[in-house]
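Here is a friendly walk through one protein model, written for someone who likes to know the cut-offs. Have the viewer open as you read.

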Amino acid sequence: MPRCLTGGSRSPALFSHCPPHKVSHIRHTVVQCGTSLSTPKITETEASPAESSAAIQGGSGTAPLVHALQSAASQDVSCFHFPGHNRGKAAPSSLSKLIGPGAFLHDLPELPELDDLFSPKGVILDAQKRAAQLFGSSKTWFLVNGTTCGIQASVMATCSPGDYLIVPRNCHISVISALVLSGAVPKYIIPEYNSGWDIAGGITPLQVERAVKELEEDGKRVGAVLVTSPTYHGVCSNVEGIVSVCHPRGIPVIVDEAHGAHFRFHDSLPSTAIEQGADMAVQSTHKVLCSLTQSSMLHLVGDLVNVDKVSQCLQVLQSSSPSYLLLSSLDAARDLVSKNANIFDEPLALASETKEHLMIIPGISVLDLPCFASDFPAIDPLRITLTASDLQLSGYEADDILYEGHRIVSELVGTRAVTFAVNLGTRVQDVEKLVQSVKHLSEKYFFTNSSKPFRENIVCDPLDKISMHLTPREAFFTKKRRVRIEDSLGEICGELICPYPPGIPVLIPGELVTHDSLSYLMNVRHQGITISGAADSELNSILVCSL
């Protein structure tokens, strides 16, 4: 990708708009999915997104669900149906002033013309087919309970009680709830961990193969392998290599691709999970793409996973009163990216320039692939993670300074690092402000803290040396008792304890409380970080299993 930097002679602005430099970056394809082993083929001669979408339902509109919702809301009717605000007539004035009357007008129930999410035959079916074609799947489901319910449905559809789910230990908390719901038994893979950054990476095909063989030797059945790719920090695993380990054994591969819904839409972005042969991929369309928060998509290819079973699981897990605002936002987001082949040109150029500017600031380092020993294929170029540890600032301290002093709002903060997400709405002035603010951070603390004794602040790997005594489901339903956090060492954890974000559990129900996990949690508590899952949010006590 051409760079926008102009060397030493620059205008006062740090960043300049990059003109489109390629004809098209959208990797749109009609997928051949007769077998789960077939990788989607991308060709230059295939139909444009608009042409392909129009072919699905006679070309009647490019966002069918949006159009249907608009049409239904414009009808002059007397309403005797839910919701109670009656198309905004009884909307709370405080909220109506905040978000406008249009949101209430279009907040409609499952009217016949709006189709049924759980038995789609009309506009929802049309919208989901268009999404499947654009994202390269054979079947796509719209999700209104977030990627969480897609992860849960994927595990429940592939794993019966007692089956093993091979999964990285730095998985999202939704995977743990899926284990509780399904009764599957986790076989954890410990990802590579960089203690200097306090960041876990991906997993490798070799690790997956080792885990599969260990279970096979013990006569255990593997229901599925679940991979988190990319991670919250953007680190991608070699999904294609993992698929090559699993598919010859008939094991489906599920990918938590919550942070990678945008990968299909530019050549400079990593390959998608579906392109690499995964059977199921769950994407948070609301993250880097632009649907409403809580709306996601679940994509499936091949025949290793039963389509009807997935639909049944989703009906169990999703609300029976789905929001048509969320559903139509998925249709609108799909329509937007399908019409704009170069939509990610500018965000990628801005992110690239931002990293280049940040890397030369004294005391600042930027996360990149060389930070890991494993041969991970890519890091999402739109994810910028920096550390100011050389300035003797923790991630939390740096984040507080950037927010309080410069009104910079990050996406994710940890003990050592701060992560910023560049997206379609990121402006030149935003990244200029970020760079200038980090420069100010460096100028203020580089000399101030250099005279102070160096703070070693060793961070223990909270995911290492785990010991599972009960399955998550067993521990979930076991009687509990409360103990002081200081007295919990050696006890079996009875609750999910998770700094949030990023939503990666430090302790999972059924695991032994170890010195490393306890030390990590005490450090997090000392820094005042939000703890999710624990009954005592202050973490003065935890629930342990009474056996």
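How many residues of β10 are buried? Five of its five residues are, which leaves the strand mostly covered. Buried here means under 20% relative accessible area, with exposed over 50% and partly exposed in between, using a 1.4 Å probe and protein chains only.

## Ground rules

This is a predicted model, in which local features need pLDDT of at least 70 and side-chain atom pairs count only at pLDDT 80 or more, while totals for chains, interfaces and linings use all residues. Residues are numbered from 1 along each chain as its sequence is written, and side-chain values use heavy atoms, with hydrogens and water left out.

Helices (H or I, at least four residues) and strands (E, at least two) are DSSP runs, numbered from the N terminus. Two strands pair if DSSP finds at least two bridges between them.

## The seven-stranded sheet

The strand β10 belongs to an open, mixed sheet of seven strands, ordered β1-β10-β9-β8-β6-β2-β3. At its edges are β1 (139–143) and β3 (185–189), each pairing on one side only. Neighbouring strands are turned by 20 degrees against each other on average, direction ignored; axes are lines fitted to C-alpha atoms, for helices over the stretch in contact, and angles run from 0 to 180 degrees between N-to-C directions.

On one side of β10, Ser-296, Leu-298 and Leu-300 are buried, and on the other Met-297 and His-299 are too. The strand β10 (residues 296–300) pairs with β9 (residues 280–283) in the antiparallel sense over four bridges, where Leu-298 is the bridge partner of Val-282. Five bridges join β10 to β1, again antiparallel, and Leu-300 in β10 stands opposite Lys-139.

## Helices on that sheet

Contact means heavy atoms within 4.5 Å. Helix α10 (residues 307–317) packs on the sheet by touching β1, β9 and β10, and its direction makes about 5 degrees with that of β1. Helix α7 (residues 173–182) lies across β2 (164–168), β3 and β6 (222–228), running at about 150 degrees to β3.

A second open sheet to look at has the order β11-β13-β15-β14, with antiparallel pairing. Its edge strands, β11 (365–366) and β14 (412–413), each have a single partner strand, so one side of each lacks a neighbour in the sheet. Two bridges join β14 to β15, and Val-413 has Val-418 in β15 as its bridge partner. Helix α13 lies across β14 and β15, at about 50 degrees to β15.

Helix α14 (residues 428–448) has 21 residues and should span 30 Å at 1.5 Å a residue; its end C-alpha atoms are 31 Å apart, which agrees. The expected span is 1.5 Å times one less than the number of residues. Its buried residues include Val-428, Val-431, Leu-434, Val-435, Val-438, Leu-441 and Tyr-445. Among the elements covering the buried residues of α14 are α12 (345–359), β13 (383–387), α13 (395–406) and β15 (417–421).

## A helix pair and a loop residue

The axes of α2 (residues 64–73) and α5 (residues 123–135) come within 8 Å and cross at roughly 150 degrees. The two are therefore roughly antiparallel, a label for angles over 145 degrees. Pro-64, Leu-65 and Ala-68 in α2 meet Val-123, Ile-124, Asp-126, Ala-127 and Arg-130 in α5.

Finally, Thr-471 lies in the loop between α14 and α15 (472–477). Thr-471 counts as buried because its relative accessibility is 15%. Leaving out residues up to four places away in sequence, Thr-471 touches Val-185 and Pro-509.

How values were computed. Angles under 35 degrees count as roughly parallel, over 145 as roughly antiparallel, 65 to 115 as roughly perpendicular and the rest as oblique.
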